[in-house]
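Biologist: I am new to this kind of picture and would like to learn how its features are read, one after another. Could we start with how a pair of helices is described?

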Amino acid sequence: MKHRILSLAFTVLVALPLFAHDDPTGMHITTKSPKAHLLFEQGMAKIEMLHVQAGLESLRKAVQADPHFALGHIMLNFFSDDPAEQVAERDQALASRQYAGPEEQMVIDWLVNASQAHWIPAIQAMNGALDRYPRDKHLAWLAGWWLAVAQNQSPRAVPLFERVIKIDPGFADAWNEAAYCYAKAGNIDKAFADIKHYAELIPNEANPQDSYAEISRMAGRFDDALEHYRMSLKIDPSFHESQLGLGDTYALMGDEPRARVEYAKAVAVGTPTQKVTWGLQSAASYVREGDFAGADAAYRQLALDAHARDLANLEAEAYRSMALYQKDPSAAADLLAKAEAVLHEPHNVPQVLLNEELASVWRSGVDRAVRDGDWNQAQALLQRLSDMAASNNDELIGFAYAGASGAIFLASGKFHEAISDFEGDPTNPVSMRGLFVAYEKSGQKDNAARLAASLASFNIPVIEQALVVPEFRKQRADAAGAHASTPF
């Protein structure tokens, strides 16, 4: 199961357990059509095992059977990776809200507002639903997933997944999601224990092997990761996420040509959104090699592909990624301006995706302006981020602001202030590198050593990792070698 973080593109590739009428701990389904009800349950059962596209087809048939099936519409909005479908199904869910039951209405209010970047009413609706239906395992799972993946708040998600497990120890995906949260927190032993239990619950499915592989990769156990991705594909050759995982693993191992071969196989069978999203991961392999001409060509083609599909957030991400490694300040500025311009154009894309990518563009602009000594530009962009964060409870935007503010404080020699801000952006390698420097400059050697170990073992295949981690590892190795060779 792929948890795509830091890129700020919201591609949903996870599972929601089956809703059921006869389960007192589950959400009731409001539809007048028995056919729609059956198709909905079949679709959710498929999605639970990460057979997402097959599940989406069942959900689409469900809302065709009952156009007023609000829960079916909002789940299509939630699971689809097509921004246009997300917008259309969100609007259909809102239009059909009156036909839904009370709990379903709260879920609709929560997810519709989140899609529109109306965070306070979204969070209020989520919390209200959790308070009113404390024994609904499906609702708790959905809230945990949203916090862990969409908002990158794994610590807040863990109690919800544990609530699900307490209500129903056989709820397989709750173990899976909890394992990812523990892995992100560095508790690898607990993560593997939960994944082992997850695999025991559904031994004939591919996703437990895929999850075991991904957590192995996060822990730097690359050979184990490759083995389990191949086991997943042996169980189900059409489980394309594991094919992607092979590419990710080879990329992080430093075998970039082999990574691109594996990525190409995944991209060939992906959805239109996956083709671009996974292509961005492949393009980053050129950055790890230092082949910036190759990276430019790959990212430019992906930007064109994204533009043709009206995937504005991914088009902007392609331009932003290119800007990060440009040596020429003017070239970097042009690419960031192009990324921002794309996001200000009219698009049929959920506003939350556009806002989050815009925050990333501005944060990258601050980093670049600091690097180039353009303090006026850095401060102007920081102010925009501050205004956005102040009016928006999106944690990902808050992370972007914290990282940008930390970069300015660090460059100004205000190390304690930089530490405070960088600690507010805990999973971005750029901020982690800045935090390491701030710790060292302020004499916090133990914290610096802890952070260095965490950064050196950062194994998530995003562009920030490609830019920071390989070089950081090399610098640490060179420093260790020089120290070892110094005579007494």
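Modeller: A crossing is called left-handed if the near helix is turned anticlockwise from the far one by less than a right angle, and right-handed if it is turned clockwise; here α1 passes α3 in a left-handed crossing. Helices are DSSP runs of H or I with at least four residues, strands are runs of E with at least two, and both are numbered from the N terminus. The model is a predicted one, in which local features need pLDDT of at least 70 and side-chain atom pairs count only at pLDDT 80 or more, while totals for chains, interfaces and linings use all residues. Residues are numbered from 1 along each chain as its sequence is written, and side-chain values use heavy atoms, with hydrogens and water left out.

Biologist: At what angle do helix α1 and helix α3 pack, and how far apart are their axes?

Modeller: Two packed helices are described by the angle between their axes and the distance between the axes. The axes are lines fitted to C-alpha atoms, for helices over the stretch in contact, and the angles run from 0 to 180 degrees between N-to-C directions. Helix α1 (residues 34-48) and helix α3 (residues 70-79) pack at about 20 degrees, with their axes 11 Å apart. The two are therefore roughly parallel to each other, given that angles under 35 degrees count as roughly parallel, over 145 as roughly antiparallel, 65 to 115 as roughly perpendicular and the rest as oblique.

Biologist: Which residues of α1 and α3 make the contact?

Modeller: Contact means heavy atoms within 4.5 Å, and in this pair F40, M44 and I47 of α1 meet L71, G72, M75 and F79 of α3. By class, the contact of α1 with α3 has six nonpolar residues, one polar and no charged ones. For these classes Ala, Val, Leu, Ile, Met, Phe, Trp, Tyr, Cys and Pro count as nonpolar, Asp, Glu, Lys and Arg as charged, and the others, Gly among them, as polar.

Biologist: How do helix α5 and helix α6 cross?

Modeller: The axes of helix α5 (residues 102-115) and helix α6 (residues 119-132) come within 7 Å and cross at roughly 155 degrees, and that makes α5 roughly antiparallel to α6. Their crossing is left-handed. The contact includes W110 and A114 of α5 and W119 and M126 of α6, and its residues divide into ten nonpolar, two polar and two charged.

Biologist: What is the phi of A117, and where does A117 lie?

Modeller: The phi of A117 is near 65 degrees, a positive value in a residue other than glycine, and A117 has its place in the loop between α5 and α6. At 14% relative accessibility, A117 counts as buried, where buried means under 20% relative accessible area, exposed over 50% and partly exposed in between, with a 1.4 Å probe and protein chains only.

Biologist: Which loop holds D310, and is D310 buried or partly exposed?

Modeller: D310 lies in the loop between α16 and α17, has a positive phi near 55 degrees, and at 28% relative accessibility counts as partly exposed. The axes of helix α16 (residues 292-308) and helix α17 (residues 312-325) come within 8 Å and cross at roughly 165 degrees, and these two helices are therefore roughly antiparallel. Their crossing is left-handed.

Biologist: How many residues does the largest nonpolar core have?

Modeller: In soluble globular proteins, nonpolar side chains tend to be buried together. A nonpolar core is a set of buried Ala, Val, Leu, Ile, Met, Phe, Trp, Tyr and Cys residues joined through side-chain atoms within 4.5 Å. The largest one in this model has 122 residues, and those with the most contacts inside it are F40, M75, W110, W146 and Y299. Its largest share, eleven residues, comes from helix α7 (residues 137-150). Leaving aside neighbours within four places in sequence, W146 is in contact with W110, A114, W119, I123, M126 and Q151. A second, separate core of 21 residues includes F422, A452, F458 and V469.

Biologist: Against which helices do the buried residues of α22 pack?

Modeller: The buried residues of helix α22 (residues 415-422) are A418, I419, D421 and F422, and they pack against α21 (395-411) and α23 (429-441). F399 lies in helix α21 and, at 12% relative accessibility, counts as buried. F399 and P426 are 27 residues apart in sequence and 7.9 Å apart in space, C-alpha to C-alpha.
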